Amino acid sequence: DSENIVFTGNSPLVMDLDALPDTPYDLLDLPKYNAVDLGNGISASFQTSRGCPFDCPYCVATRFSGKSVRYKPGPQMASEMRYLYEKHNVTGFVPEDDFFIGPKQRLEELLEVFKRTNIPDMKLTLRNGVNVNTLNDAKIDILEAMGCNSVTLAIESGSAHTQKNIIKKNVDLEKAPIILETFREKNIEVKTFIMVGLPKETDEMREETINYAASLNMDWSNVY
């Protein structure tokens, strides 16, 4: 139909990620698509899972991949990472997962997968916003062991009212600075996502967020 949008319904989610074909990285000139600047070496995006259990009203992740989190099998991930290293000299990996920081057991499994790749000086950059509420000291230790060199914390707002009633994310604003400092103590770069001027926010709420963000000892902030 050249004049109207035709909605044919939602496609079913792929629940078994092992059934997916390998990512055809050979179709790209990867050096032109360096995911992040590591200063040396080449980096590439990849996925370890699909889905996100949260349903933030400003995010489309669950519309694309659903709320049910499905994990890519370890052997498939290891094979993909080894291919990138052997064929393209990739040593930096950037997960594009919407929910990378899952249960501690999953992170431990990922650590073992990463170790089995035997990629020297491997780096992990978490640029998708990580939910502060999912982090603790034990998980940060695992991320450090993975070679994590940078993390982006999705704090979004410094207003308790905005957190609870507008974005409904309920980030623990007292915990966030502590988590941030824990990363910095491990020499892991910390960035944040901050949103100002959300619908129904008052000037006072916006000022709360600005002042809160200014108080954080972060390396960089993406402000929306």
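Mentor: A search of the whole structure, which is a predicted model, finds four aromatic pairs.

Trainee: Why is the pair formed by phenylalanine 54 and phenylalanine 99 called edge-to-face?

Mentor: The ring centres of phenylalanine 54 and phenylalanine 99 are 5.8 Å apart, and centres within 6.5 Å are what a pair requires. The planes of the two rings stand at 75 degrees, and because an angle over 60 degrees counts as edge-to-face, that is the name the pair receives.

Trainee: What makes this a link between distant parts of the chain?

Mentor: Phenylalanine 54 belongs to the loop between strand 2 (49-50) and helix 1, phenylalanine 99 belongs to the loop between strand 4 and helix 3, and the two are 45 residues apart.

Trainee: Is phenylalanine 99 buried or exposed, and how is phenylalanine 54 classed?

Mentor: The relative accessible area of phenylalanine 99 is 13%, and since buried means under 20%, phenylalanine 99 is buried. Phenylalanine 54 has 32% relative accessibility, a value between the 20% and 50% limits, and therefore counts as partly exposed.

Trainee: Why do phenylalanine 193 and tyrosine 224 count as an edge-to-face pair?

Mentor: Their ring centres lie 5.7 Å apart and their planes meet at 75 degrees, so the distance is within the 6.5 Å limit and the angle is over 60 degrees. Phenylalanine 193 is in strand 7 (residues 189-194), while tyrosine 224 is in the segment after strand 8 (220-223), so this pair ties together parts that are 31 residues apart in sequence.

Trainee: What makes phenylalanine 193 buried and tyrosine 224 exposed?

Mentor: Phenylalanine 193, at 14% relative accessibility, falls under the 20% limit, whereas tyrosine 224, with a relative accessible area of 54%, is over the 50% limit. Elsewhere, ring pairs link Phe46, Phe93 and Phe114 into a cluster.

Trainee: How many salt bridges does the structure hold, and how do you know that arginine 82 and glutamate 86 form a salt bridge?

Mentor: The structure holds 14 salt bridges. For arginine 82 and glutamate 86 the N to O distance is 2.8 Å, and because the criterion asks for a side-chain nitrogen within 4 Å of a carboxyl oxygen, the pair qualifies as a salt bridge. The two residues are four residues apart in helix 2 (residues 74-88) and are therefore separated by about one helical turn. Arginine 82 is partly exposed at 24%, and glutamate 86 counts as exposed at 52%.

Trainee: Why is the contact of lysine 115 with glutamate 112 also called a salt bridge?

Mentor: The closest N and O atoms are 3.8 Å apart, which is within the 4 Å limit. Lysine 115 and glutamate 112 lie in helix 3 (residues 104-116), three residues apart, about one turn of the helix. Lysine 115, at 48%, and glutamate 112, at 38%, are partly exposed, since their values fall between the 20% and 50% limits.

Trainee: What makes the salt bridge between glutamate 156 and lysine 169 a link between distant parts of the chain?

Mentor: The side chains of glutamate 156 and lysine 169 meet at 3.0 Å, N to O. Glutamate 156 is in strand 6, lysine 169 is in the loop between helix 5 (160-166) and helix 6 (175-185), and they stand 13 residues apart. Both residues are buried. Salt bridges that share partners also join Asp141, Glu144 and Lys186 into one network.

Trainee: How do you know that isoleucine 101 is buried, and which residues does isoleucine 101 contact?

Mentor: Isoleucine 101 has 3% relative accessibility, and because buried means under 20%, the label applies. Isoleucine 101 sits in the loop between strand 4 (90-95) and helix 3. Apart from neighbours within four places in sequence, isoleucine 101 contacts Leu107, Leu126, Val130, Thr134, Leu135, Lys139 and Leu143.

Trainee: Which residues line the largest pocket nearest its centre?

Mentor: The largest pocket is lined by 26 residues, and Cys59, Asp98, Gly129, Ala154 and Lys169 lie nearest its centre. By class, the lining has 16 nonpolar, five polar and five charged residues, and strand 5 gives the largest share, four residues.

Terms used:
Residues are numbered from 1 along each chain as its sequence is written. This is a predicted model: local features need pLDDT of at least 70, side-chain atom pairs count only at pLDDT 80 or more; totals for chains, interfaces and linings use all residues. Side-chain values use heavy atoms; hydrogens and water are left out. On a 1 Å grid over the protein atoms alone, a cavity is a set of points where a 1.4 Å probe fits but cannot get out, and a pocket is an open set with protein on both sides within 12 Å along at least five of seven lines; lining residues have an atom within 4 Å of a point. Ala, Val, Leu, Ile, Met, Phe, Trp, Tyr, Cys and Pro count as nonpolar, Asp, Glu, Lys and Arg as charged, and the others, Gly among them, as polar. Buried means under 20% relative accessible area, exposed over 50%, partly exposed in between (1.4 Å probe, protein chains only). Contact means heavy atoms within 4.5 Å. Rings of Phe, Tyr and Trp (its six-membered ring) pair if their centres lie within 6.5 Å; planes under 30 degrees apart count as stacked, over 60 as edge-to-face and the rest as tilted.
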